[in-house]
Structures are given as structure tokens and as C-alpha cells.
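Dear colleague,

I am handing over the structure we spoke about, and below it you will find an account of what turned up when I went through it. Please read the notes with the coordinates open beside them.

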Number of protein chains: 2
Amino acid sequence: MPSQSPIVVVAVDSFKGSLAAPAATDAIARGVLRALPHAQVRARPMADGGEGTLDALLAASPGSRRRDVATCGATGAPIQAPVGRLADGEGVVEIAQIVGLTDAAAGTSDVRARDTRGVGRVLRALIDDGCRAIAIGLGGSSTNDGGAGLLAELGVRFLDAEGRAVRPTPEGLGTLASVDASGLDARLGSVRLTIMSDVDNPLTGMRGATAIFGPQKGVAAADVDALDRTLMHYASRVEAALGRHAASERGAGAAGGLGFALQLLGARFASGAETVADMNGLDAALDGADWAITGEGRSDAQTLMLKAPSIVARRARARGVPVALLSGAIDGTALPALDAHFDGCFALPPGPASLADSLANARDWLDDRAFAMTRLRFCARR
Amino acid sequence: MPSQSPIVVVAVDSFKGSLAAPAATDAIARGVLRALPHAQVRARPMADGGEGTLDALLAASPGSRRRDVATCGATGAPIQAPVGRLADGEGVVEIAQIVGLTDAAAGTSDVRARDTRGVGRVLRALIDDGCRAIAIGLGGSSTNDGGAGLLAELGVRFLDAEGRAVRPTPEGLGTLASVDASGLDARLGSVRLTIMSDVDNPLTGMRGATAIFGPQKGVAAADVDALDRTLMHYASRVEAALGRHAASERGAGAAGGLGFALQLLGARFASGAETVADMNGLDAALDGADWAITGEGRSDAQTLMLKAPSIVARRARARGVPVALLSGAIDGTALPALDAHFDGCFALPPGPASLADSLANARDWLDDRAFAMTRLRFCARR
């Protein structure tokens with residue numbers, strides 16, 4: 001028989017295009033509590049380094065603060081970007097808030113003209129502020145500059161064959177001849193940098209940033225190869241100048257190569273979802289729980305890489321807690337693989353529905369589906 | 001803890017436009033058994049008097065036979081219609097197989113020219129064959145003749161003011177002046193007729209056959225009132241001639257008024273789904289079961305009237321068996337009402353999908369959803 005007050009952990013990522021993780025979590029919690037008014041719901045909104053990571057970490061960290069920093073977006077337009085400081089002083093940056101794919105200005109520009117100087121400027125502001133540990137959520141970027149903009153902002157100079165400065169954009173790097181790292185901000189040596197990411201791709205090649213993520217940022221299929229070669233050339237020059245290698249590291253291809261530039265600066269790679277889970281107390285929430293619900297906007301084969309639902313599933317099962325997946329959509333071809341990791345995979349629509357309907361009704365449908373799942377999970381057993 | 005071999009009853013109606021009830025039941029059973037290879041699945045395909053009722057009753061009745069009878073469709077075109085004889089001799093007729101809404105010939109004709117003579121001819125054939133009990137599944141008809149065609153075929157004469165015979169169609173009945181029932185087949189007095197239906201509407205009025213079901217048979221909105229008055233006039237004449245009343249009886253409005261004509265002939269009204277459940281041994285299957293799954297193509301407020309899933313739910317709950325609903329689509333406005341009757345309501349699509357996709361993938365999606373539901377229902381509980 002079920003206990004009188006089952007403990008249900010709700011730990012979903014954002015439902016992209018409709019609900020941030022805390023709102024999605026709330027909607028599911030409502031459905032659970034409608035079905036089981038005496039349940040104890042432990043809400044642990046998730047993120048994977050991309051959009052929502054900053055909010056998730058701030059929400060999970062008592063004593064944290066949030067402020068806006070003046071910087072620029074991917075096109076160079078001035079913006080105010082939010083950054084966080086946790087109670088222990090660690091800075092938190094979410095690059096989706098600076099050079100994000102959903103930024104309107106970026107959307108109308110050419111990816112070859114976008115760069116990550118704005119991210120470098122934010123890091124500098126945090127270091128100016130005395131910050132000696134910074135966690136950077138990579139994901140949801142609109143850039144593909146190999147992190148050249150970040151490095152330029154931190155003192156690295158990119159020069160053409162005539163010794164003239166080139167812009168740290170994919171376009172500018174096309175004429176790159178040499179790299180001068182002598183002006184690199186010396187304070188970086190005493191700053192602990194952590195990358196939070198959900199991709200482990202290398203910088204270039206078949207599985208590289210341009211081949212895998214370029215198209216969704218507007219790189220034309222015909223341009224993938226040339227742009228990949230530009231990044232390869234750029235990487236060899238900047239690695240030589242800094243006396244370090246990072247292009248083939250895990251996650252070097254994250255955020256259009258920001259993962260590469262940050263690892264060149266000594267950043268440690270971490271799974272974004274694991275980092276969020278470590279900080280939001282997911283393990284403690286799962287201890288003694290009867291059930292966990294995780295989910296995201298769309299689940300597919302990628303879900304089983306470093307995405308939040310698979311991290312939640314692994315930690316839940318390690319504690320003997322059954323875990324269900326509730327996502328906006330589930331890719332049928334990935335279902336057999338997903339089925340091996342979740343104790344039941346469920347989707348949002350209550351019948352035939354368009355994507356627009358699904359996005360518009362996500363809040364109600366999450367509530368309804370969570371209600372049905374909870375009824376089924378805890379209905380009397382003979 | 002769950003028993004080692006849970007007993008799962010699968011009792012779904014057809015998924016209209018995609019799967020007949022036995023095929024839908026099979027697909028769900030496959031999903032249940034993939035999740036729980038040692039489960040004992042008790043399959044009880046359902047029907048509600050409409051399409052699939054004949055198959056459901058024959059499948060549930062050992063020693064039953066099926067044969068084809070020469071008759072005519074709603075437009076008068078010659079057809080062969082299947083009829084059943086159960087082991088005890090009772091005849092089974094499914095009018096959807098004779099004057100069905102999905103009949104192509106009916107689809108291209110005008111509802112004012114269609115009638116139910118074909119149903120009368122089938123009843124006569126069964127009576128000729130010695131049949132003294134006949135169950136008639138009403139549902140899915142394309143006609144709206146008040147059952148005049150049936151009565152005409154069994155000997156009732158419909159006459160205009162000059163004493164000329166009028167056709168037993170909505171159009172012909174427009175000039176009806178008198179009814180001569182003296183030629184009614186006398187053998188009907190010793191035949192026990194049972195209507196199986198899922199609607200309890202009266203013949204005419206706001207909740208009558210024409211107002212509620214006319215439009216889906218092609219009655220123009222502007223014609224509803226005139227046609228309803230024609231049926232009212234027809235009913236008063238034929239009731240007077242037979243010395244009986246039936247127009248306001250429960251189910252008189254079933255199948256465009258066939259329910260009226262049959263009740264005039266003494267037929268007893270029964271819920272189609274209850275009749276099917278009585279015959280297919282649903283109660284015995286539910287005894288000792290751990291869980292039941294029911295469903296249909298689309299669930300809405302009508303589901304809670306006399307539709308198969310609500311009959312299954314009532315009988316399951318009476319035995320303490322939790323019952324889940326798995327339908328192609330669930331009307332969100334009816335969900336609060338449905339939630340009171342089912343221990344979890346689930347729909348087919350694994351994400352945004354068109355109706356065509358949903359129909360085309362029903363078999364696989366039923367299997368996948370049943371798998372997920374079974375995982376959730378029987379996953380380990382702390």
C-alpha cells in the first residue's frame with residue numbers, strides 16, 4: 001500500500017518556447033497535489049547550462065544575489081545582462097542571456113558577423129568585482145566564433161598578414177594570420193572557471209560546433225565546411241600563442257566554440273545539469289521519495305546525453321526511486337532508448353494538436369497530465 | 001507490492017477511422033505485455049450498438065454463426081449484409097452494416113431520399129429463418145426516416161391524401177396523410193426484439209434525432225425544423241394506427257428514429273455497451289483483476305452517457321478495480337467530468353500531431369502508451 005503522504009520529486013527542465021523550469025515545475029506540482037492532496041512535493045527546477053540556468057542556480061542558493069551588467073550582445077548592440085553571485089562569492093553567467101539564440105537582434109543578423117565579446121566583457125566585470133570563481137552556463141548561443149570575441153575582450157589580439165587587427169567574428173577570422181596573447185588579462189590565472197554545458201562535442205570536424213549546431217544558427221549547408229576550416233586555423237594559432245591545447249576537449253564545441261576558448265583559459269568542463277543538481281539539492285530531495293517526475297520541451301536521443309532528464313533519472317534510480325518522463329513531445333524513434341531510462345514516458349497533448357497549441361497550453365496540459373499520471377501511479381493496488 | 005502476475009483487463013471500443021475494437025485491444029495488450037511479460041491480459045473488446053457490435057458479440061459467443069443476407073442499403077441499392085445467430089438462436093443485426101453512415105452510396109445521396117427498408121428486409125429474413133429473438137445494434141446510421149422504411153418492409157402502408165402509397169423516406173413522408181397497419185407481419189407478435197444503443201434521445205424536439213444527429217447525416221441547418229415536424233406528424237399517424245406510443249421513449253431517436261419504429265413493434269431498449277459487456281463476460285474478467293484499461297477514438301462529455309468506456313469504468317469500480325482511460329483524443333472541457341470516473345485519462349499522441357497522423361499511427365501509439373502506463377502503474381513502490 002502507498003504511504004499516506006507520498007513524497008514526489010518534480011525536477012523538470014524548461015519547456016522551451018512556453019514555460020521556464022520553475023513554472024513548469026509549479027504546473028506539474030499542481031496536478032500532483034490535485035490527485036494527492038496529502039503528497040509532499042519536492043520541487044527542484046532543473047537546467048542544463050542553457051537558458052534558465054542562472055535562475056535555477058539563484059533559486060537553489062540562499063543568500064545569492066543577482067545584478068545587471070552593461071555589455072553587448074552578439075551583434076555588438078549594448079545590452080544589460082543579468083549575472084549572479086552565490087553566497088560563497090562564485091559568479092554565475094548564463095551566455096544565453098548575452099549572445100542568446102532567442103535574441104531578436106541576433107536573429108536578423110548574419111552568424112558570420114556575430115561574436116562573443118559581450119561574454120568577455122561580463123567576465124571582466126565580475127573579475128573587476130573581485131570574483132575569483134565563475135561558473136558559465138553554455139547553451140542557447142547564436143554565435144560560432146570559437147570564443148574569439150571572449151578572448152579579444154580579455155586581451156588577446158588577432159592580426160592579419162599585415163599585422164592589422166581582425167574582428168573576432170567568423171568573417172574576420174577568415175584573414176587571421178597571427179595571434180598575440182601577451183596582453184591577456186593576468187588576473188585570469190587566479191580565477192577558477194567552470195563551464196556548465198549539455199554538449200560534449202569537440203570544436204571542429206564532423207561532430208564539431210559548426211557541423212552540429214551551425215545550421216540552427218543560420219550557417220548555410222554550403223558554408224559549413226569553410227567555416228569549420230576557419231575555426232580549425234584559428235584554433236591552431238591561438239593554441240600556439242597560449243601554449244595550450246583545447247580544441248579536442250570534451251565540450252570545446254559548446255556555444256559555438258566558447259567551450260574551447262574557456263578551456264584554453266583553464267576552465268574545467270562540467271555537465272550543466274549535474275552542476276544544477278549538485279547545487280539544488282536533488283539528491284537530498286530524492287532520498288526517501290516515492291516517485292520522481294522529470295521532463296523537458298522535447299525528448300529525443302539527445303536527452304540521454306547530458307540533458308537534465310537523464311541526470312535526474314540516473315540519480316533517482318541510484319536511490320531506487322521510480323522516475324517518469326513528461327515532455328512536450330517524445331521522438332518516437334528514441335522511445336526504445338528512453339524507455340530503458342524512465343519508468344514510463346508521457347507527452348503533453350490530449351489529442352491531435354499543433355505545436356502552437358501545445359506551447360500555448362503547456363501550463364494546463366502539464367497540470368492535467370501530471371494529475372492523470374499521479375492517479376495512475378498511486379491508485380489503489382489490490 | 002504488486003502480485004507477480006498482475007491481471008489486466010483490456011476492454012476498449014473501436015478507435016473510429018483507424019482500428020476496430022479487437023485490433024485496438026491487441027495493440028494495448030502488446031504494450032502491457034512488453035512492460036510486464038508475466039501479466040495476465042484479459043481482452044474484452046467492447047462496442048456500444050454501433051459499428052463493431054456484431055463482431056464483438058459473435059467473438060464473445062462460442063457456437064455463434066455469421067451469414068450474409070441479401071437486402072438493400074439506405075439508397076435502395078442491393079447489398080449483402082452480415083447477420084449473426086448466437087448459440088441460443090438469437091439473431092444479431094448491426095444496422096451500421098446495412099444503412100451505415102460510412103456507406104459510400106449513402107454518402108453521395110440526399111438524406112431526404114434515404115430509408116431503412118433494408119433493415120426491415122433483414123429482420124424479415126431472420127424471422128423467415130425461424131428466429132424468435134433479435135438484438136439490433138443501432139448506431140452509425142445514415143438515415144433519418146423515423147424507421148418508416150423498416151415498418152413499410154414489415155407490412156405497414158403509408159398513404160397520401162389521395163390514398164396513394166408514399167415512399168417511406170423523409171421526402172415521401174412530407175405528404176403522409178394516413179397509415180394502414182393492417183398488413184403488419186403478424187409473426188412480429190412472437191418475436192422478442194432488443195435495441196442496443198448508446199443514445200437515449202427521444203424521436204423529435206430539441207434533443208430529437210433530427211436536431212442532434214441530423215447535421216452529421218447531411219441535414220442542412222435550415223431544414224432541421226421542417227424535417228423534425230415531418231417526423232412528428234408521421235409519429236402521430238403511425239402511433240394511432242398501431243395503438244401504441246413510443247416517440248418519447250428513451251432511445252426513440254436512435255438511428256434516425258429506428259429506435260422509435262422498433263419500440264412501436266415492442267422492442268425493449270438496452271444500452272449497447274451493457275449488452276456487449278453482459279455477453280462478453282466483462283464482469284468475470286474484472287473479478288480479481290489488478291487494473292483495467294478502457295478507451296475509444298475520442299472521449300468527451302458523451303462518453304459518460306452510455307458509451308463503452310463509462311460502462312467498463314462503472315463495472316470495474318464496482319469490483320474495486322482501478323480503471324484508466326486511453327483514447328485517441330480527450331476533450332479538455334470534459335476532462336474534469338471524465339476524471340471523476342477514471343483513474344487517469346491518457347491520449348495517444350506522443351507530441352504535436354495531426355489527426356491524420358494519429359489515425360495512421362494508432363496501432364503503434366496504443367502499444368507505446370499502454371507500455372508507458374503499465375510501467376507507471378506497476379513500477380516498484382517503496
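In chain A, six strands form an open sheet with mixed pairing, and their order is 3-4-5-6-9-10. The strands at the edges, each of which pairs on one side only, are strand 3 (65–72) and strand 10 (268–271) of chain A. If direction is ignored, neighbouring strands of this sheet are turned against each other by 30° on average. Please keep in mind throughout that this is a predicted model.

Within that sheet, strand 5 (residues 91–94) and strand 6 (residues 133–137) of chain A run parallel and are joined by 4 bridges, and Gly91(A) stands opposite Ile134(A) of strand 6 of chain A.

Strand 9 of chain B pairs in the parallel sense with strand 6 (residues 133–137) of chain B over 5 bridges, and the bridge partner of Gly137(B) in strand 9 of chain B is Met196(B). Strand 9 of chain B also runs parallel to strand 10 (residues 268–271) of chain B, with 4 bridges between them, and here Ile195(B) stands opposite Phe269(B) of strand 10 of chain B.

Another open sheet in chain B has 5 strands in the order 2-1-11-13-15, and its pairing is parallel.

Helix 13 (residues 308–318) of chain B touches strand 11 and strand 13 of chain B, and its direction makes about 165° with that of strand 13 of chain B. Helix 16 of chain B touches strand 1 (7–10), strand 11, strand 13 and strand 15 of chain B, and its direction makes about 155° with that of strand 13 of chain B.

The axes of helix 1 (residues 21–35) and helix 16 (residues 362–378) of chain B come within 7 Å and cross at roughly 40°, which makes helix 1 of chain B oblique to helix 16 of chain B. The crossing of helix 1 of chain B past helix 16 of chain B is right-handed. Among the residues of helix 1 of chain B that take part in the contact are Ala27(B), Ile28(B) and Arg34(B), and those of helix 16 of chain B include Leu366(B), Asp367(B) and Phe371(B). By class, this contact of helix 1 of chain B with helix 16 of chain B has 9 nonpolar, 2 polar and 6 charged residues.

Between the chains, the axes of helix 16 (residues 362–378) of chain A and helix 16 of chain B come within 7 Å and cross at roughly 55°, and the two helices are therefore oblique to each other. This crossing, too, is right-handed. Met373(A), Leu376(A) and Arg377(A) of helix 16 of chain A make the contact with Met373(B), Leu376(B) and Arg377(B) of helix 16 of chain B. The residues of this contact divide into 4 nonpolar, no polar and 2 charged.

Most residues other than glycine have a negative phi, yet Ala255(A) has a positive phi of about 50°. Ala255(A) is placed in the loop between helix 9 (224–242) and helix 10 (258–264) of chain A, and it counts as buried because its relative accessibility is 9%. In chain B, Ala255(B) has a positive phi near 50° and lies in the loop between helix 9 (224–242) and helix 10 (258–264) of chain B; at 9% relative accessibility, Ala255(B) counts as buried.

Finally, Phe158(B) belongs to strand 7 (residues 157–159) of chain B and, at 3% relative accessibility, counts as buried. The C-alpha atom of Phe158(B) is separated by 9.5 Å from that of Thr175(B), these residues being 17 apart along the chain.

How values were computed:
Residues are numbered from 1 along each chain as its sequence is written. Chains are lettered from A and ligands numbered from 1 in the order in which they are written. This is a predicted model: local features need pLDDT of at least 70, side-chain atom pairs count only at pLDDT 80 or more; totals for chains, interfaces and linings use all residues. Side-chain values use heavy atoms; hydrogens and water are left out. Two strands pair if DSSP finds at least two bridges between them. Axes are lines fitted to C-alpha atoms, for helices over the stretch in contact, and angles run from 0 to 180 degrees between N-to-C directions. Angles under 35 degrees count as roughly parallel, over 145 as roughly antiparallel, 65 to 115 as roughly perpendicular and the rest as oblique. A crossing is left-handed if the near helix is turned anticlockwise from the far one by less than a right angle, and right-handed if clockwise. Contact means heavy atoms within 4.5 Å. Ala, Val, Leu, Ile, Met, Phe, Trp, Tyr, Cys and Pro count as nonpolar, Asp, Glu, Lys and Arg as charged, and the others, Gly among them, as polar. Buried means under 20% relative accessible area, exposed over 50%, partly exposed in between (1.4 Å probe, protein chains only).
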